[in-house]
Amino acid sequence: MSKIDNSAVLSICKTVLVCGLVLYVGTIILFNESKCSSSDFFSPLKLTISPSNSQTNTLSNDAKTNNATNISHLLFGLLGSEKAWHHRKSYIESWWRPNITKGYLLLDFPPKGDLLPWSINSPPYKISDDVPKLVEETKHVDPTVLRLVHGIMEVFREEHEGLRWLVMGDDDSVFFVDNMVDILAQYDHTKYYYFGGHSEFILSNYWYSFNQGFGGAGFILSYPLAKALANNMMSCLKRYAHLKAADRTTMTCIADIGVNLSPLQGIHQIDLRGDLSGFLSSHPKSLLMSLHHFDMVEPIFPSLDRAHSGFHLLNAANYDQSRMLQQTICHKRSSNWTFSVSWGYSAHIYEKIMPRSWIQNPIETFKTWNKSPRPPHYMFDVRSPSLDPCEAPHVFFFKSVERNPRNEIVTTYTRGWPRGIGACLSSGNYSAEYVSEIHVYSSATKRIEIDRCECCDVIHEAGSNKAEIKYRECMIDEIIA
């Protein structure tokens, strides 16, 4: 390789500026931009001439093929408080894998009381930096916002070897880490990415921003972006010391770096209240990544409390995260029944042949996050609850999961309560009231690329209190209606 002294490099810099193009044949010349005086350029320039394009794509190809992203490449930063952790730790422990998952819980104060000794099933904790000192330095108007945003840098500086993705979230969220890994493995971690989810409540997006990831449910930064944000953290907190929302501050800081949100449908802020079953029974066709605000909704399984509901849901997820909450619909035409299964959570029977185009819309069993004067309230279509026996489903909830000798995963769903409104007369008076249990058979093979939903077949003998549903890939010309 030819070597050039500093004076020669300066000459090259000026030549590039004046002439716009310099061609060297048969010689590879590499120089550092720091060797060039800033006065010789209108903006920083790094010139690298390589013999082929193969080296240019090495890092990107490595990220996608030879060294696929796995759980060790993710670092979690969970923001919490000592006071709330007493009752929220079960949410995190339901999915955290000790000595496998990497990350920290950032607390405002040291743990005490029944939190000591610290549980081996919880993430290791750290205490947030001196917030009053940071407020004094940045002149920030909101110490809580400052602590939450500054926490991104505090987690990142505890950098682990091989870090590719930084995941930030709250201590009342459940994460589906396998799905998260499978999604992130499709992206080049050496690029700048900011992943997150919108609020389900339209006005929350309007009040804050349609361009921000709502952080409680988790937002994800690629390594280069996390590094740039951490390096710029203090100047950004000073620049936006007037903002009173942590997620908006984060989004604004990232926007100034030149990056915008890439929304992912599987990240759920759950800006909803009340009974979430209608929402969870009609999940969008995307891998489930997170569920936030467990404290703000009723227990998702009516027979369990919030803490046990989280563990119960993860019991199914431990067998197959790729199908979690994925909605599969099929028909028993001899009885005019429609079955809808939200894998790992619920199953519905309708006493009428219903098309997928209608069943895919969630039943509005939930309420708005805040008062909303008029529709639309949500970022998705909904169906109103009905007492019409031809419209209202028989509802079943996930009970158990196992793998059978045929290498199928068998999930069992039992009736939540008697529907008690009679049979649908217009479709033949085939009541499903006597069905008490549904067994669903699915492949043990993951289903990462969801370009089309799965289809299924119903096996049920008239009069039997049990029904079986067998999943399969849809036929080319199959219509679910």
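Author: Before we start, one term: a residue counts as buried when its relative accessible area is under 20%. Also keep in mind that this model is predicted.

Reader: Okay, let's talk disulfides. How many does the structure hold?

Author: A disulfide is a covalent bond between the sulfur atoms of two cysteines. Here the structure holds four of them.

Reader: Are Cys390 and Cys424 buried or exposed?

Author: Cys390 and Cys424 are both buried. Cys390 sits in the loop between strand 15 (366-368) and strand 16 (394-403), while Cys424 is in the loop between strand 17 (408-415) and strand 18 (437-443). That pair links distant parts of the chain, 34 residues apart.

Reader: Why is the disulfide of Cys390 and Cys424 right-handed?

Author: Look at the torsion about the S-S bond: for Cys390 and Cys424 the torsion is about 95 degrees, so the disulfide is right-handed. Now try Cys236 and Cys253, whose sulfur atoms are 1.9 Å apart. Their S-S torsion is about -100 degrees, so that disulfide is left-handed. Cys236 belongs to helix 9 (residues 233-239) and Cys253 to helix 10 (residues 246-257), 17 residues apart. Both of these cysteines are buried.

Reader: Which cysteine does a disulfide join to Cys455?

Author: Cys474, with 1.9 Å from S to S. Cys455 lies in strand 19 (residues 455-459) and Cys474 in the segment after strand 20 (466-472), so the pair ties together parts 19 residues apart in sequence. Cys455 and Cys474 are both buried. Cys453, however, is in no disulfide, and the nearest cysteine sulfur, that of Cys474, is 4.6 Å away. The cut-off for a disulfide is sulfur atoms within 2.5 Å.

Reader: Is Cys453 buried or exposed?

Author: Cys453 has 9% relative accessibility, so it counts as buried.

Reader: Now the nonpolar core. Which residues have the most contacts inside the largest one?

Author: In soluble globular proteins, nonpolar side chains tend to be buried together. In this model the largest nonpolar core has 74 residues, and Trp95, Ile438 and Ile469 have the most contacts inside it. Domain 1 (69-266) and domain 2 (324-470) both give residues to this core, so it lies between them. Apart from that core lies another, of 34 residues, with Val131, Met153, Leu237 and Cys253 among them.

Reader: And with what is Ile469 in contact?

Author: Leaving aside neighbours within four places in sequence, the contacts of Ile469 include Cys330, Phe339, Val341, Ile438, Tyr441 and Val458.

Methods:
Residues are numbered from 1 along each chain as its sequence is written. This is a predicted model: local features need pLDDT of at least 70, side-chain atom pairs count only at pLDDT 80 or more; totals for chains, interfaces and linings use all residues. Side-chain values use heavy atoms; hydrogens and water are left out. A nonpolar core is a set of buried Ala, Val, Leu, Ile, Met, Phe, Trp, Tyr and Cys residues joined through side-chain atoms within 4.5 Å. Buried means under 20% relative accessible area, exposed over 50%, partly exposed in between (1.4 Å probe, protein chains only). Domain bounds come from an automatic or database domain assignment. Contact means heavy atoms within 4.5 Å. Helices (H or I, at least four residues) and strands (E, at least two) are DSSP runs, numbered from the N terminus.
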